[in-house]
There are 2 protein chains.
Amino acid sequence: MLRITDPEAMRDAIRRLAVRGAPAIGIAAAFGTVLGVRSSPATTEAAFLEHLDNSCQRMASARPTAVNPSWALERLKARAQTLSGRGVPAMKAAVHAEALAILDEDRAICRRLGEIGADLIRDGQTVLTHCNTGALATGEHGTALAAVFEAHSRSKRVSVYATETRPLLQGARLTTWELLQAGIDVTLICDGMAAQVMKEGRVHAVLVGADRIAANGDTANKIGTYGLALLAREHGLPFYVVAPRSTFDLSLASGAEIPIEERPPEEVTCVGGQRIAPHGIKVYAPAFDVTPARYITGIVTERGLITPVTAETVRRTLGEG
Amino acid sequence: MLRITDPEAMRDAIRRLAVRGAPAIGIAAAFGTVLGVRSSPATTEAAFLEHLDNSCQRMASARPTAVNPSWALERLKARAQTLSGRGVPAMKAAVHAEALAILDEDRAICRRLGEIGADLIRDGQTVLTHCNTGALATGEHGTALAAVFEAHSRSKRVSVYATETRPLLQGARLTTWELLQAGIDVTLICDGMAAQVMKEGRVHAVLVGADRIAANGDTANKIGTYGLALLAREHGLPFYVVAPRSTFDLSLASGAEIPIEERPPEEVTCVGGQRIAPHGIKVYAPAFDVTPARYITGIVTERGLITPVTAETVRRTLGEG
């Protein structure tokens, strides 16, 4: 249990991945900003809005790839601005209320993602998933895992292959734990085993989450996702992304514009504090990759299933633009 | 440094991967058998040959996928049989001499693999490799890495991306070390990063070793190889296997007949003795996979480059059958 009472501690928790998962860090960034501005010394609305803006920029810079923090923080700022003329205390209260609303909505949205996603899983099927997309990555329920939980609660027989997800092993540590807790059949594999698992016919579909989705459906997600999408295509398996509207960044025409975070070499060269490679070794450690829309069978959003995935179907399903 | 003086210790070293790499375990199995029969109490040639046969069976059963041990042990048996009528001491000496010959030949063969393989690497290129295929996997020089060492010694500028190769991290622990020792530029990545590295144009070719190659060129190698071959194909990169004749098993028509070893769950759930997944979690841990010949651009053998890879070109290049 991590109790956080100041914004820098929240930013640090996001940076070092004590909180992770795109929806969860959106919520965390919102509450971190609330912590940052609740005791703001600003006496004028203009000064408060500037303080809020600075706090948001600081919080958003913790991690660059997921768009959910920026989306949540834009909501806080917009909400404060609507209170123009009502005074600083009202703005502070509104910012807090908006953060709570984001959390509440995330819960409802993830439940809806689960409901739509569960329709894609047939009784007796096995899905392969990557990284962690459960309650530990969101306000509640999860994204890709929400579909599995919901299928299970509808009494469908569903099994999961969880990739360990190097370097930080979110699959091995978190996904396995969440599925074991839920009583769902889960098998852990190393990332490099996925192709063989597919070839042996052990899985029927791949379900993953997302950190940022461009207007054309190109999807940034945990490193390794792009490779899984190619392997799924090669083995004739459907490849689904499950993500809320807040993970879409319609300001980006394609995935080429999504900034990809590189993580410190130690996340690769050390496991649980233990060194696994020679000192001085050069490391390349992108934390995310971008899967082109053409490899994605469908994107489950709370507004419906986007399939096939094109700029046109993204726009139409989201009902925007 | 591991000093082994009895055959069961050698078998154990092979089983727990203190010695690993297909050519190296072929050599190790041969010397393990020498240790097993050198003080054989057999007084008749028939009894000695039976003892030798039993020793070979025991040693070959240490690990099922690589064919090099069986190949080496067949040589020991055949050599002993040629001494028929010369007495047990002569047979013992011959078995020992044959093991030494296998080691010597492996060194020469690996040098030749390096020479042929180096021709495939152009000045300034970067290759991606998987697992460990250097001196630590053979008698000397290596297989896929021999090509890199030889290219480097010909003053070609060559760089390497080394996949860490979960679960046992031979890439992170051994390949990086060998390349650092040789002064060759090497970058470590997690297995799940290979697709992104290819997409970014960071590598020009993939070079791997092999544990067993069927008559049609289907190749069993470290788990993860098959996925890399698919990814290489998708990114238009050549995918080469580098392996000695002793890794071919022409008795198998295709890779479907190659036995795939499953390793204990702890190799996945523990890293350096540290637990990375919940207790009680189910694990699937195939140690190898099979890459169909159609994904392999070429196989470098000491008898030449097999390309394209078909039953016909395998037979012709090996000059057999």
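How many bridges join strand 5 of chain B to strand 6 of chain B? Some notes on that and a few other spots follow.

1. Ground rules: this is a predicted model, where local features need pLDDT of at least 70, side-chain atom pairs count only at pLDDT 80 or more, and totals for chains, interfaces and linings use all residues. Residues are numbered from 1 along each chain as its sequence is written, chains are lettered from A and ligands numbered from 1 in the order written, and side-chain values use heavy atoms, with hydrogens and water left out.

2. Back to the opening: 2 bridges join strand 5 (residues 212-214) and strand 6 (residues 219-222) of chain B, and the two run antiparallel. Strands here are DSSP runs (E, at least two residues; helices are H or I, at least four), numbered from the N terminus, and two of them pair if DSSP finds at least two bridges between them. B:R212 has B:A220 as its bridge partner in strand 6.

3. These strands belong to an open sheet of 4 strands in chain B, order 8-5-6-12, with mixed pairing. Strand 8 (248-249) and strand 12 (288-291) each have a single partner strand, so one side of each lacks a neighbour in the sheet.

4. Over in chain A, strands 5 and 6 form a hairpin with 4 residues between them, and A:G217 in the turn has a positive phi of about 95°. A:I213 stands opposite A:T219.

5. Have a look at A:R166, in the loop between strand 2 (158-163) and helix 7 (170-182) of chain A. A:R166 is buried, at 2% relative accessible area (buried means under 20%, exposed over 50%, partly exposed in between; 1.4 Å probe, protein chains only).
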